[in-house]
Amino acid sequence: MRITMIGSGYVGLVSGACFSDFGHDVCCVDMDQAKIDALHAGRMPIFEPGLDLLVASNVAAGRLTFTTDLASAVAGADAIFIAVGTPSRRGDGHADLRYVFAATEEIAAAITGPTVVVTKSTVPVGTGDRVEAILREKRPDIDVAVVSNPEFLREGAAIGDFKRPDRIVIGTDDDRARQVMRDVYRPLYLGESPILFTSRRTSELIKYAANAFLATKITFINEIADLCEAVGADVRDVSRGIGLDNRIGKKFLHAGPGYGGSCFPKDTLALLKTAEDYQTPVHIVEAVVKVNDSRKRAMGRKVLHALGDTPRGKTVALLGLTFKPNTDDMRDAPSLAIATALADAGVTVRTHDPEGMGPAKAMMPDLVYCTDAYDAAEGADAVVIVTEWDAYRALDLPRLKGLMAGPIMVDLRNVYQRADVEQAGFTYTAVGR
Ligand code: UDX
């Protein structure tokens, strides 16, 4: 099949590379010439484990190409995926759909025969209808079906998630489009990943409902963690104790500093806006958004509290800046709120992150960026684990303590055992225990 991917960002590039790996002929388009040049030179615009090798092997096999020329990539394609960004619109939290509609206009101008246009970008309910209306208006001469096919990729695990999905969701009422999508995903559903056909609006809502539910699960356990601290219980055991109930499930019950990233914060806000537009409030999601926002600030206060009565003039080593490990993504990372709270209190922040320091420097130029965890700990009064990178899971605690001014550890990801840390001479503060 010939597949065109409009947008070679995170979702477009991973999806395009994986489709080409299935044997399809894939062209990834982006309007950013520098990005396309980098891809031609074998450089990935994002950090995602395994992506460089996947891209290189499919480029070598002649199945994966990159271009800025949307018109030539679209002509003759069996399926055209729209995988452009849908950021939060500044000011009101609605998803900003300008890139989706701009891509649609360009597609309309370039299609040469019957095709299927697929929205892979996360788009609010009803966007598919608007995309279809544009295509019908501009090209009444051509039979184009518009399909919703949301992605459920986790950063850092995106290739595995794409190739072994829990489910594939396809939203369309058009029989021909359904067949095209079956052909596109044939290797996966032959490999027994369930494929769920729904209406387009239902499919669009599934994506938001999934992310809102996962954000709720995390926020729920985070509040239970606070309660654990108050009553003297251990949230890790509470997670295990409830998660072993199959109706609840074990995943997404790790208490921590609050969720961040490119999806949960943006998609929960956009869902609230949709609910508002349709005068059908989703109170639980409203609470989740509020609780998660205040949690990030509360984590800053937790670190200050661990520093004692006079934090001003002290130094903290923040380990991990990205919103989670195995990514260089800093969007809505809890580290931003924590570092701000510390700086506001007159604390010097030394920091290290295996991949995120480049993007972090642009956002927080006043931090001291260090070469590794030990360098960050030099002269620090406390070390704070903000992101659970593997590099911070087995630190040489006696060495760390020897470098520090004061032996305090605040473990916001619960990666250490209290006994080990205390035995090494630290005062230990964790989350929910
Ligand atoms: C998420 C969804 O998982 C994915 O399906 C969707 O398509 C995009 O959004 P991603 O943002 O890459 O993926 O990361 P994820 O691993 O889901 O983590 C999101 C946030 O929740 C991170 O900040 C993480 O630290 C936090 N989290 C996750 C917890 O605090 N506790 C958990 O138990 C799980």
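**Entry: Leu153**

I looked up Leu153 and found it in the loop between strand 6 (144-148) and helix 7 (158-163), where helices (H or I, at least four residues) and strands (E, at least two) are DSSP runs numbered from the N terminus. Before going further I noted that this is a predicted model, in which local features need pLDDT of at least 70, side-chain atom pairs count only at pLDDT 80 or more, and totals for chains, interfaces and linings use all residues. Residues are numbered from 1 along each chain as its sequence is written.

Is Leu153 buried or exposed? Leu153 counts as buried because 21 other C-beta atoms lie within 10 Å; the rule I used calls a residue buried if 20 or more other C-beta atoms lie within 10 Å of its own, exposed if 12 or fewer, and partly exposed in between, with C-beta atoms placed from the backbone. Leaving out residues up to four places away in sequence, Leu153 touches Val11, Val14, Ala158, Asp161 and Phe162, and by contact I mean that two C-beta atoms, placed from the backbone, lie within 7 Å.

**Entry: confidence**

The model scores ipTM 0.95 and pTM 0.94.

**Entry: the annotated binding site**

In UniProt, an unreviewed entry gives the annotation "binding site" to a set of residues, among them Leu153, Glu155, His254 and Gly256; its positions are given in the numbering used here, feature names are shortened, and annotations may be inferred rather than shown by experiment. The annotated residues are spread over 173 residues of sequence, and they are also spread in space, up to 23.7 Å between C-alpha atoms.

I then turned to Gly256, which sits in the loop between helix 11 (235-243) and helix 12 (264-277). Gly256 is buried, since 23 other C-beta atoms lie within 10 Å, and apart from neighbours within four places in sequence it is in contact with Asn222, Leu412, Arg413 and Val431.

**Entry: around the ligand**

How many residues surround the ligand? I found 19, and the closest are Glu155, His254, Tyr259, Gly261 and Cys263; a residue is taken as near a molecule if its C-beta atom, placed from the backbone, lies within 6 Å of it. The largest share of this shell, three residues, comes from helix 10 (residues 200-231). By type, the shell divides into ten nonpolar, five polar and four charged residues, where Ala, Val, Leu, Ile, Met, Phe, Trp, Tyr, Cys and Pro count as nonpolar, Asp, Glu, Lys and Arg as charged, and the others, Gly among them, as polar.

**Entry: Arg295**

Arg295 lies in helix 13 (residues 283-307), and I counted it as buried because it has 22 C-beta neighbours inside 10 Å. Not counting residues up to four places away in sequence, Arg295 touches Asn222, Pro257 and Gly258. From Arg295 to Gly308 is 13 residues in sequence and 20 Å in space, C-alpha to C-alpha.

**Entry: the nonpolar cores**

I looked next for nonpolar cores, meaning sets of buried Ala, Val, Leu, Ile, Met, Phe, Trp, Tyr and Cys residues joined through C-beta atoms within 7 Å. The largest has 68 residues, and those touching the most other members include Ile6, Val14 and Ile82. Helix 1 (residues 10-21) gives the most to this core, with seven residues. A second, separate core of 53 residues includes Leu253, Met299, Leu400 and Met409.

Helix 14 is followed by Gly346, whose phi is positive, near 80°.

Asn326, in the loop between strand 9 and helix 14, has a phi near 60°, a positive value in a residue other than glycine. Asn326 is partly exposed, with 19 other C-beta atoms within 10 Å. Asn414, in the loop between strand 13 (408-411) and helix 18 (418-423), has a positive phi near 50°, and Asn414 is buried, with 21 other C-beta atoms within 10 Å.
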